[in-house]
Amino acid sequence: MSAEDSRVHDVVVVGNGSLGLSLGLVLARRGVRVAVLGRPHRPGAASTAAGAMIGTFGEVTTTLLKSDYGRTKLDWAYRASRMWPQWLASLSPDSDGTDLLTADGTIVMLNTIGLPEIDTENYRAIRRALTEYDEPYEDIEDIGWLDPEPAARPLRAMFLHHEHAVNAPELLVRLEKAFLGAGGALITEQATRSRHLVVEEFLV
């Protein structure tokens with residue numbers, strides 16, 4: 001263990017994916033002595049896949065909309081998505097964050113695969129949620145680049161203007177650089193125990 005790793009930290013964040021690094025960065029910028037724990041190659045990490053989409057409505061389902069928990073989850077996701085432009089721009093002093101975006105908008109398709117009673121209702125649920133949040137979308141009659149299998153042709157499709165995608169590997173690189181630049185520490189060794197557990201509330 002290096003001298004850097006052995007110093008006292010106020011907070012140790014377990015996991016160096018996009019969420020762990022983001023939390024570490026916010027705390028470090030507030031003057032908290034924070035370390036992020038995780039292996040550099042991130043075995044089994046979901047960030048490089050799950051971090052690729054900046055979306056809220058594309059994965060809405062009827063089940064999500066039926067519960068208070070689901071509604072709260074949707075509302076938090078919506079508010080978080082509105083913060084992405086400012087967040088991306090804050091990661092690098094020489095970028096406004098737009099160069100991290102790899103797609104401008106998302107196409108959602110209802111195709112002939114799956115169960116009609118489930119897929120069709122979920123497609124309708126997405127439209128209901130978009131309408132409730134006054135989010136722009138438009139129906140698509142023809143997707144020129146699409147060459148579907150005969151048994152998987154889309155029945156309907158819509159374009160979501162504010163559902164984007166981000167270059168997840170580059171996002172992790174910038175998060176790590178910003179975290180270190182804010183005074184955070186990266187610990188790559190595996191943790192075996194913790195001497196103390198202190199839980200504090202940090203206000204947003």
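I started with the lining of the largest pocket: helix H2 (18-29), helix H3 (47-50), strand E3 (53-54), helix H5 (68-89) and helix H7 (168-181) each give at least two residues to it. Helices (H or I, at least four residues) and strands (E, at least two) are DSSP runs, numbered from the N terminus.

I noted that this is a predicted model, where local features need pLDDT of at least 70, side-chain atom pairs count only at pLDDT 80 or more, and totals for chains, interfaces and linings use all residues. Residues are numbered from 1 along each chain as its sequence is written, and side-chain values use heavy atoms, with hydrogens and water left out.

Which element supplies the largest share of the lining? I found that H5 does, with 11 residues. In total 42 residues line the pocket, and Leu19, Ser22, Ala80, Trp84 and Trp87 lie nearest its centre. For the record, a pocket is an open set of points on a 1 Å grid where a 1.4 Å probe fits, with protein on both sides within 12 Å along at least five of seven lines, and lining residues have an atom within 4 Å of a point.

Next I looked up histidine 164, which is in strand E8 (residues 164-166). Buried or exposed? Its relative accessible area is 19%, so histidine 164 is buried (under 20%, with a 1.4 Å probe and protein chains only). I also saw its side chain make a polar contact with the side chain of aspartate 104 at 3.4 Å (a pair of N or O atoms within 3.5 Å, one able to donate a hydrogen and the other to accept it).

Methods
Buried means under 20% relative accessible area, exposed over 50%, partly exposed in between (1.4 Å probe, protein chains only).
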